[in-house]
Amino acid sequence: MQRLTTAAPIDEATLTIYEETVAIIHRHLPPSLALLYATARRGSQGHLEWWTERQGLAKPFSALSDAEQSVVQSKRQQYQDILAGLIEQLLARGEEHSAHALQRLLTHSRDLNCYSVGGEPVLINWAIVSEAPLPPVIVIPWWRRFLPWLLLLLLLLLIACAWWWWHKNALTPPPPPVHHDVPAATPAVAPASTNLTQANPSINLEKRKDFGRIKINLTWQQGSHKEPIDLDIAAFIRFKNGKISGAEALSKFLGNYDKPPYLLLQQDLREGNDQDGEWLFINGSHWQDIDEVLIYSFIYGGADNWQGTNATITIYVPDQPPIISTLTDSNQRNNVAAIARLKNVDGNINVERLDRFFPDRKSLDKHYGWGFEWTPGASKK
C-alpha cells in the first residue's frame with residue numbers, strides 16, 4: 001500500500017467508525033469499487049492518514065492535465081453509478097443497514113477530494129465525522145435596541161396574513177362534495193428496480209418503436225474462494241428469419257453492435273478481477289428483427305461451482321427500472337449457467353428468469369434447442 005496524505009489528529013472512536021465503514025465497503029463492493037475509497041489509518045503521531053492499495057504514480061486531481069482529469073472524472077462517475085445500483089440490490093435483499101451506510105458514503109462522495117493513482121480515481125476525506133462543537137460565545141443581542149420596531153413589523157405581518165386569509169376564503173368557491181363510496185385514484189409509483197425470482201420469474205416490457213441501447217451487467221463476489229473468480233457473460237441470438245448467432249469471448253467473437261448480431265461484449269476480463277463486472281450490449285433499435293436472446297455465463301476459473309459467487313445480472317432498458325436476476329447457489333460441478341432470456345412477443349420484450357445449470361455450453365445449447373456446432377480447444381489466452 002502507499003500513503004496519499006496525512007490529515008488532522010484522529011481519536012479512537014472516529015477511527016472505529018471509519019474501520020466499520022471500510023468493512024462494509026469490502027464486504028459488499030467488488031475490489032475496484034472498494035478501492036475508489038482510500039483506507040483510513042492512524043499514524044504513529046496520532047494523525048489520520050489516507051492509504052490506498054492501488055499501484056502507480058499518485059497525483060492530486062488538481063495536478064492533472066485537462067485530458068487526464070476528464071478520464072479520471074469519467075471513471076469516478078462510472079464507479080458511483082455502479083455503487084448506486086448495488087445499493088438498490090441491497091435494499092431489495094433486505095440488507096437495509098449496509099444499504100444506508102453505502103448511501104451515506106455515496107452522498108458524501110459527490111464533492112470529495114480526488115487523487116489519480118495509476119490513472120484510477122481514489123477519494124479521500126470521505127464520511128468525516130463532525131468535530132465537537134465549539135464552546136458557546138455569549139453575545140448581547142443586537143435586537144434589543146430595535147425591539148419596538150420589531151414588534152411593529154410583527155403586527156403588520158399579522159394584519160397582512162389575516163387579510164390574505166380572508167381574501168382567499170371569500171373569493172374561492174367551496175370544493176365539490178366528495179363521494180366516499182368511490183375511492184380516490186392514487187398515482188402509481190414506479191419501482192426502483194424489478195427483481196426476478198422463482199415467485200416472480202418474468203416481466204413484460206410493452207412494444208415501442210425503438211428500445212434504444214439495452215445494457216446487461218454481470219457482477220459476482222469473491223466470497224471465501226482462495227483463487228480469483230473469473231466469470232464470462234455471453235449470449236445466443238435468434239432472428240425472425242431463423243438465423244442464429246451469438247457473442248462469446250471464449251469463442252473469440254465479441255459481436256457487433258451496429259450490424260448483425262446486434263450484440264457486443266464490452267471487453268473480456270482475462271484476469272477475472274475487474275470490479276465493474278462484465279457488460280453486454282444489445283441494439284434495441286433492431287428489436288423487431290430479433291426473436292430471442294439467451295444470456296448465459298460460465299466459470300472460467302477460481303471456482304468449481306456457483307455457490308457463494310452471488311452471480312447477478314442487471315438489465316438496463318432506457319426509461320425502465322433495472323431488471324435484476326441472481327443465480328441461486330448450486331453445489332454441483334456445473335460451470336455453465338443459463339441466467340435469463342429476452343423474447344420478442346408481438347414486439348414486446350418478455351424478460352424471463354432461467355436459473356439453470358449445465359456441465360458445459362454444448363449441454364446448454366442442446367437443452368434449449370439452438371443447434372450450434374461446438375469445436376473443442378477454445379481458450380482465452
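In which strand does Ser245 lie?

Reply: Ser245 lies in strand S11, residues 244-247. Helices (H or I, at least four residues) and strands (E, at least two) are DSSP runs, numbered from the N terminus. This is a predicted model: local features need pLDDT of at least 70, side-chain atom pairs count only at pLDDT 80 or more, and totals for chains, interfaces and linings use all residues. Residues are numbered from 1 along each chain as its sequence is written, and side-chain values use heavy atoms, with hydrogens and water left out.

Start with the surroundings of Ser245. Ser245 counts as buried, because its relative accessibility is 18%. Buried means under 20% relative accessible area, exposed over 50%, and partly exposed in between (1.4 Å probe, protein chains only). Leaving aside residues up to four places away in sequence, Ser245 touches Ala235, Phe236, Ile237, Phe253, Pro261 and Phe372. A contact means heavy atoms within 4.5 Å.

Now look at Val293. Val293, Ile315 and Leu342 have the most contacts inside the largest nonpolar core, which has 40 residues. Such a core is a set of buried Ala, Val, Leu, Ile, Met, Phe, Trp, Tyr and Cys residues joined through side-chain atoms within 4.5 Å. Strands S9 (213-219), S10 (230-239), S13 (263-265), S14 (278-283), S15 (290-301), S16 (312-316), S18 (336-345) and S19 (348-358) each supply at least two of its residues. S10 gives the largest share of this core, five residues. Val293 touches Ala235, Phe236, Ile237, Leu263, Ile282, Trp287, Ala340, Arg341 and Leu342, again not counting residues up to four places away in sequence.

Next comes S9. Five of its seven residues are buried, so S9 is largely enclosed by the rest of the structure. S9 and S14 run antiparallel and are joined by six bridges. Two strands pair if DSSP finds at least two bridges between them. S9 also pairs with S16 in the antiparallel sense, over five bridges. Asn217 stands opposite Trp279 in S14, and opposite Thr314 in S16. Strands of a sheet pair through backbone hydrogen bonds, either parallel or antiparallel.

S4 and S5 (residues 114-117) run antiparallel, joined by three bridges. Pro60 stands opposite Tyr115 in S5.

H3 has 27 residues (66-92) and should span 39 Å at 1.5 Å a residue; its end C-alpha atoms are 39 Å apart, which agrees. The expected span is 1.5 Å times one less than the number of residues. The buried residues of H3 include Tyr79, Leu83, Leu86, Ile87 and Leu90. An α-helix has 3.6 residues a turn, so residues three or four places apart point the same way. Just after H3, Gly94 takes a positive phi of about 85°.

Then the cysteines. Cys114 is buried because its relative accessible area is 7%. Cys161 is partly exposed, at 44%. A disulfide is a pair of cysteine sulfur atoms within 2.5 Å. By this rule the count is zero.

Last, the whole chain. The protein chain has six helices and 19 strands. Of its 381 residues, 41% are buried. Among contacts with a separation of 6 or more, 70% join residues 24 or more positions apart.
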